[in-house]
Amino acid sequence: MNIDIEDLAKEFGPERALHPVSLSIPSGALIALLGPSGSGKTTLLRILAGLEFPTSGCVRFDGADATGLSIQARRAGFVFQNYALFRHMTVFENVAYGLRAKPRRERPTRAEIDRRVTRLLEMIQLPEIGSRYPNQLSGGQRQRVALARALAIEPRMLLLDEPFGALDARVRKDLRQSLRDIHDRTGLTTVFVTHDQEEAMELADLVVIMSMGRIEQIGKPADIRARPVSDFVRAFTAA
Amino acid sequence: MRAKILRSPSPLPGFGVSFAIMMTALSFVVLLPIGALLGRGFMTGPAELWDMVNSRRIWAALMLSFRAALIASLINLFFGLMLAWVLVRYRFWGRRVIDAAVDLPFALPTAVAGIALSALYAPNGIFGQALAPLGLQVAYTEVGIWVALIFIGLPFVVRTVQPVIGELEPDLEEVSATLGARRAYTLRRVVLPALTPALFSGFALALARSVGEYGSVIFIAGNIPNVTEIAPLLIVIRLEEYNYDAAAAIGIAMLILSFAMLLGINAIQIWSRRRIGLV
Amino acid sequence: MSDFTPAQTGRATAEPRPVRYLLIGGTTVFVALFLFAPLLTVFTEALADGWRSALAALSLPDARAAARMTLSIAAIAVPLNAIFGLAAAWAIAKFDFSGKAFLITLIDLPFSVSPVVAGLMLVLLFGANSSLGVWLMANDMRVVFAFPGILLATLFVTFPFVARELIPVMIEQGRTEEEAALTLGASGWRTFLTVTLPNIRWALLYGVLLCNARAMGEFGAVAIVSGKIRGKTATMPTMVEMFYNEYLSVAAFSLAAVLAMLALLTLLLKTLLEWRHADLLAATRLH
């Protein structure tokens with residue numbers, strides 16, 4: 001699914017989190033929103049998920065206006081920075097959550113839910129942990145469970161807020177590759193937010209550099225390195 | 001100085017003095033009186049105690065106290081949760097006044113609450129007159145006792161649950177919505193389980209307070225033996241008859257029943273926490 | 001697009017607007033019926049025969065004696081409780097020793113004992129039927145049906161108030177500031193006065209406020225221990241009961257109105273403390 005963002009702006013009271021920004025995300029791309037904290041990248045991601053509503057501008061999914069679409073109807077697989085796993089549910093129940101939450105007539109049968117959850121746990125290479133609780137998992141395992149939970153609803157896009165932020169350096173490298181693999185396998189349009197330029201450059205097809213609520217530059221990692229459009233971009237990507 | 005042996009060393013002074021003050025006060029004010037009651041029961045012996053408690057009137061009073069406390073606390077569980085939710089999550093005119101008013105039952109003397117409720121619900125009171133055409137009588141019935149105990153127990157539930165709602169991570173509700181869950185489903189499957197331990201403690205506190213409540217109840221209850229006579233009142237009556245042994249027997253029965261009840265609630269709470277992996 | 005549903009304004013995860021209004025309306029009605037109505041009744045009943053009758057009732061000798069009794073009890077019980085609370089919090093929060101949890105349970109015990117049972121305990125301990133009571137009588141000391149008994153009953157029911165407020169606050173503040181003061185050469189007492197006390201003064205005031213409200217308002221325990229002797233051992237709450245049972249409604253409610261105003265003052269001060277100094281108070285407390 002391709003995503004078009006047109007003149008999107010967001011104000012929190014007197015604060016401008018997002019100046020009008022426009023961006024086209026082609027179907028199946030893996031995009032990084034890169035910038036320092038307060039640059040508006042998380043706000044943009046949350047607007048795509050339906051967690052915030054823009055003050056002005058619009059969002060189109062496959063050309064159809066989705067600006068006012070409810071959060072539930074968007075089917076955006078969202079992975080939070082701290083994963084937001086449900087502590088009182090097992091890993092299996094966490095992953096099955098979105099399927100069980102469907103209205104009765106759309107809900108898959110119990111056997112079908114079992115099958116899909118098992119398949120997802122295999123995909124994240126953690127087939128054995130279904131009966132464990134989140135507090136019995138390592139940070140890297142939690143991140144992968146959160147990813148599986150988001151994928152369970154067969155989302156139309158995958159949105160990740162600092163997906164590697166809470167992990168230590170070694171695990172981070174492994175999980176980058178596994179996100180890349182999952183993206184390539186599912187072909188989902190994927191947007192992730194990061195403040196780590198190395199992570200963005202290594203992982204993304206297209207990097208969107210943001211600062212102070214504006215988009216500074218959009219481009220392939222190599223192009224941004226070769227031709228930064230501003231001092232800010234040069235300084236930020238050189239770090 | 002035995003306490004000194006059991007404590008780890010600290011550079012701060014004043015442990016001996018503060019510990020001594022604390023233990024002296026605790027012994028004289030709390031432990032000695034409790035010891036007097038238990039000692040009295042011990043000297044009387046369990047068989048005698050049982051004989052003294054085992055009368056229709058006392059059983060009726062004990063059952064009434066516990067049943068009414070249970071019903072009132074369940075009602076408070078519902079309204080207390082609702083109140084706490086509204087106070088934390090919504091902004092509306094008068095919110096701060098309502099928030100402050102929740103503590104009124106803590107601050108208002110129980111006797112004052114008692115006569116006020118009695119005046120309101122008596123057949124010639126405002127609420128009494130309004131309810132009479134509906135065939136409802138509150139004053140001098142068990143329902144009147146519920147009303148008084150709802151008043152007394154409400155802040156316990158609200159004040160236990162309120163801070164927990166305030167600390168709920170918004171992420172959890174948001175992620176539930178992104179997974180397609182409707183709001184009601186999120187509240188039931190994500191929010192309610194997170195609040196369950198606090199709801200349990202608030203319920204237990206309200207219950208413990210309601211079982212022994214006296215001042216706010218006796219005016220509205222009508223105090224008809226076997227019908228609306230609560231256990232604490234029966235203690236008072238026995239004491240006024242200088243029947244100390246019978247009063248002590250009822251007091252001990254109340255202590256034992258309260259203790260068993262709180263133990264049961266704790267057990268359920270620990271069990272449910274284990275089950276949902278919150279240990 | 002077929003699955004288009006209009007979004008709510010504001011937070012994406014809030015309840016739908018009608019539900020919100022229903023909940024706000026429901027709680028407002030509940031609070032009005034169960035909390036405000038009784039409070040209002042106290043004042044309307046007190047003024048049923050006008051201001052003059054209410055004021056006349058308050059100047060009855062019995063009412064004035066009861067007020068004196070209540071004030072004297074609070075004047076002694078509250079400071080004693082504050083001293084105990086400070087000592088207990090200092091020992092429990094600033095030192096590590098075994099059996100702490102059990103000790104806290106014991107301090108909390110009065111919360112879960114019926115006030116009537118508390119009164120009963122004191123009567124059993126000091127009453128005419130106990131050996132201690134007989135000895136006291138022989139030496140011309142009265143506890144039950146006298147001031148000391150009322151004081152002990154009040155101390156029992158208010159026992160946990162100050163300690164329960166201070167302990168969590170002092171645990172949270174740790175002991176590094178005190179240790180720093182000691183290394184700078186301050187004496188232990190000076191450290192307490194200049195470092196600890198300023199840090200806990202609002203929490204202490206808060207605990208004292210609640211303790212005072214309960215001390216002045218206690219009914220069940222005091223009713224039993226005092227014997228409710230008019231003009232001698234009757235306190236304001238027990239006097240309210242006696243007036244009420246004698247069908248002196250205006251007198252009962254006038255006295256009750258004074259207590260209710262005291263409760264409102266307590267709530268006002270408590271709310272002010274919570275607004276101004278929330279960070280220096282215990283996060284959760286239960287009385």
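Modeller: Chain A and chain B of this predicted model bury about 2200 Å² between them, and 59% of that area lies on carbon and sulfur atoms. Each partner brings a set of residues to this contact: 23 residues come from chain A and 23 residues from chain B. If you want to find your way on the chain A side, start with Gln72(A), His88(A) and Tyr97(A), which lose the most area to chain B and together make up 28% of what that side buries.

Now look for charges that pair up. Across the interface of chain A and chain B there are 2 salt bridges. In a salt bridge between Arg87(A) and Glu169(B), the closest N and O atoms are 2.9 Å apart. The interface of chain A and chain B also has 5 residue pairs in polar contact, with both residues at pLDDT 80 or more. As for the elements involved, those giving two or more residues to the side of chain A that touches chain B are helix 2 (71-74), strand 6 (76-79), helix 3 (91-100) and helix 5 (139-152) of chain A. Helix 3 of chain A gives the most to that side, with 3 residues. By class, the side of chain A that touches chain B divides into 15 nonpolar, 4 polar and 4 charged residues.

Let's turn to the other neighbour of chain B in this tour, chain C. Here the contact takes 86 residues from chain C and 86 residues from chain B. About 7800 Å² is buried between chain C and chain B, with 81% of it on carbon and sulfur atoms.

One place to look is where the side chains of Lys270(C) and Asp103(B) meet in a salt bridge, at 2.2 Å from N to O. There are also 7 residue pairs in polar contact across the interface of chain C and chain B, both residues being at pLDDT 80 or more. Helix 1 (residues 17-46) of chain C gives the most to the side of chain C that touches chain B, with 18 residues. That side of chain C is made up of 58 nonpolar, 15 polar and 13 charged residues.

Finally, let's stay within chain B itself. Its domain assignment gives domain 1 (1-44) and domain 2 (48-275). Taken over C-alpha atoms, the centres of domain 1 and domain 2 of chain B are separated by 32 Å. Their contact takes 5 residues from domain 1 of chain B and 9 residues from domain 2 of chain B. The area buried between these two domains of chain B is about 580 Å², of which carbon and sulfur atoms give 75%. On the domain 1 side, Leu37(B), Arg40(B) and Thr44(B) lose the most area to domain 2 of chain B, together 77% of what that side buries.

The side of domain 1 of chain B that touches domain 2 of chain B has 2 nonpolar, 2 polar and 1 charged residues.

Note on methods
Residues are numbered from 1 along each chain as its sequence is written. Chains are lettered from A and ligands numbered from 1 in the order in which they are written. This is a predicted model: local features need pLDDT of at least 70, side-chain atom pairs count only at pLDDT 80 or more; totals for chains, interfaces and linings use all residues. Side-chain values use heavy atoms; hydrogens and water are left out. Contact means heavy atoms within 4.5 Å. Buried area is the accessible area (1.4 Å probe) that two parts lose on being put together, summed over both. A salt bridge is a side-chain nitrogen of Lys or Arg within 4 Å of a carboxyl oxygen of Asp or Glu. A polar contact is a pair of N or O atoms within 3.5 Å; within protein, one must be able to donate a hydrogen and the other to accept it, and residues adjacent in sequence count only if both atoms are side-chain atoms. Helices (H or I, at least four residues) and strands (E, at least two) are DSSP runs, numbered from the N terminus. Ala, Val, Leu, Ile, Met, Phe, Trp, Tyr, Cys and Pro count as nonpolar, Asp, Glu, Lys and Arg as charged, and the others, Gly among them, as polar. Domain bounds come from an automatic or database domain assignment.
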